[in-house]
Amino acid sequence: MDDKKIIFSGVQPSGNLTLGNYLGAIKNWVSLQDEYNCVYAMMDMHTITVRQTPADLRRRTLELLALYIAAGIDPEKSILFIQSQNPAHAELAWVLNCYTYMGELNRMTQFKDKSARHAENINAGLFTYPVLMAADILLYQTDYVPVGKDQMQHIEICRDIAERFNGLYGDVFKIPEGMLSKSGAKIMSLQEPEKKMSKSDPNPKGYISMMDDLNVIAKKIKSAVTDSEGKIEYREGDPAKAGINNLLSIMSAVTGRGIEEIAAEYAGKGYGDFKGAVAEAVVECIRPVREEYDRIIKDKQYLTDICAKGAELSYKIAQRTLKKVYKKVGFVI
Ligand code: TRP
């Protein structure tokens, strides 16, 4: 291996990927590929902590893979794989479960949120979700984990588990660091702009799916919630401006231009004009990714080959760490 630092990240195939996921995560991952050795995964094992329709999960996992590639993640440069196709993740997660305290898992805000939302299915997997995530990261001796702010608590517990293990057995794991996306774009719901744009939003008008028809995308932006003040101005933290702030952030993220510059250009114009321009910019940003996606998703053999290669490569790397761990804890290897 060369001396590039290692990046690990992944997304759950739990719903259609949104514009927020694309701008906030995947687009950023593409730009990391030359400077780092990147490992990106489809986190299907995390997804079943919430009930799924099996056929949908299978289809969405492959769609996510096709979308990663369409967005510019190059399977020749980066390792791309499906979590469940690499058994090392479940194996390390079991060991780490025995080095993680109930008390620390109980404090996880995501567990509290999800168990409130799925009160009928508070399963043990939902509780130990952060341990599986720690295994994902630690198997690759990862340096940096690009994630959103909402995942930082999971990175913290991963570091705590790794430090505890290293404290007992010597340097087994690299202690990873979270890496917040450079663009910092946090894309909010189009209908409730005080909430993050989410693929699990029950109202499809709130989010833009990367799979939406381009006309539908334009329509959703044009019907985004704004305010009655009629001023195109960015006012951070002002709840009345949440809708306009969000449209300005989206425009900035898709065009790469500064928010202030965009606000100045549209100052004095009507919301209708501005929304039209944002809709067009978003459609032009998604169009090439969609065209590439439509081509790749039809090529099942290609996708299957990528999965097989990714599973093999990732297992090879992961196994080195797993072997060390097994040896340290006293398993016969
Ligand atoms: N928990 C992450 C999310 O919901 C997904 C995830 C699972 C992940 N394992 C990971 C992200 C490891 C980064 C690294 O977004």
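How do the residues of the shell around the ligand divide into nonpolar, polar and charged? In this predicted model, seven of them are nonpolar, five are polar and one is charged. The paragraphs below begin with this shell and then turn to the arrangement of the chain.

The ligand is surrounded by 13 residues. Those closest to the ligand are Gln-12, Tyr-129, Met-133, Asp-136 and Gln-151.

Which elements give two or more residues to the shell around the ligand? They are strand 1 (6–11), helix 7 (124–138) and strand 4 (144–147). Helix 7 provides the largest share, with four residues.

The loop between helix 7 and strand 4 contains Gln-141. Most residues other than glycine have a negative phi. Gln-141 is not a glycine, yet its phi is positive, at about 50°.

At the level of the whole chain, the protein is divided into two parts: domain 1 (6–180 + 299–329) and domain 2 (204–294). Taken over C-alpha atoms, the centres of domain 1 and domain 2 are separated by 31 Å. Where the domains meet, twelve residues of domain 1 are in contact with 14 residues of domain 2.

The size of an interface is often expressed as the accessible area lost when the parts come together. Between domain 1 and domain 2, the buried area is about 1,200 Å², and carbon and sulfur atoms give 78% of it. On the side of domain 1, Leu-19, Leu-67 and Ala-70 supply 42% of the area buried against domain 2, which is more than any other three residues supply.

Key. Residues numbered from 1 in each chain as written. Predicted model: local features only at pLDDT ≥ 70, side-chain atom pairs only at ≥ 80, totals over all residues. Heavy atoms only, no water. Near = heavy atom within 4 Å. Nonpolar A, V, L, I, M, F, W, Y, C, P; charged D, E, K, R; others polar. Domains from an automatic or database assignment. Contact = heavy atoms within 4.5 Å. Buried area = accessible area lost by both parts, 1.4 Å probe.
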